Amino acid sequence: MSVFPAVPVVRREDFAPEIVCEVYELGSHRRTPVAVRELTSRQVTIGRMMSPGQKDAAIARELGLSLRTVRAEISALIAGLGAKSRFQAGCLLVRRFG
């Protein structure tokens with residue numbers, strides 16, 4: 001049985017991000033952790049803004065960056081964390097940086 005259908009419900013109910021991430025990870029098929037690369041401070045900042053659902057364009061405006069730069073940083077962040085999605089990258093950031 002998949003836990004992925006539960007993720008949107010858990011997110012709607014304002015659970016702590018750590019709980020949402022635990023539910024997501026229960027459904028993950030990853031058996032061993034991926035080696036995490038060092039992230040830049042900009043990637044961490046963008047990831048923290050992205051985690052609660054802020055859109056790329058809003059992040060770009062707030063940080064004074066181009067939309068293309070923000071999207072490139074998000075891609076690098078996802079790859080650097082070894083994540084499969086934006087959501088999983090947000091979960092991994094919460095676990096790593098709180």
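**Close-up 1. Salt bridge between Asp56 and Arg71.** In this predicted model, the side chains of Asp56 and Arg71 form a salt bridge with an N to O distance of 3.3 Å. The pair links distant parts of the chain, with Asp56 in helix H4 and Arg71 in helix H5, 15 residues apart. Asp56 has a relative accessible area of 13% and is therefore buried, whereas Arg71, at 46% relative accessibility, counts as partly exposed.

**Close-up 2. Salt bridge between Arg86 and Asp56.** The closest N and O atoms of Arg86 and Asp56 are 2.9 Å apart in this salt bridge. Arg86 lies in helix H6 and Asp56 in helix H4, so the pair ties together parts 30 residues apart in sequence. Arg86 is partly exposed, at 34% relative accessibility. Through shared partners, salt bridges join Asp56, Arg71 and Arg86 into one network.

**Close-up 3. Helix H4 and its packing.** Helix H4 covers residues 56-63, and in this helix Asp56, Ala58, Ile59 and Ala60 are buried. The buried residues of H4 pack against helix H3 (41-50), helix H5 (67-81) and helix H6 (86-97). Gly64 follows H4 and has a positive phi, near 70°.

**Close-up 4. Salt bridge between Glu73 and Arg42.** The side chains of Glu73 and Arg42 meet in a salt bridge at 3.2 Å, N to O. This pair links distant parts of the chain: Glu73 is in helix H5 and Arg42 in helix H3, 31 residues apart. Glu73 is buried, with a relative accessible area of 15%, while Arg42 counts as partly exposed at 36% relative accessibility. The count of salt bridges comes to three.

Definitions and conventions: Residues numbered from 1 in each chain as written. Predicted model: local features only at pLDDT ≥ 70, side-chain atom pairs only at ≥ 80, totals over all residues. Heavy atoms only, no water. Buried < 20%, exposed > 50% of the residue type's maximum accessible area, 1.4 Å probe, protein only. Helix = DSSP H or I, 4+ residues; strand = E, 2+ residues; numbered from the N terminus. Contact = heavy atoms within 4.5 Å. Salt bridge = Lys/Arg side-chain N within 4 Å of Asp/Glu carboxyl O.
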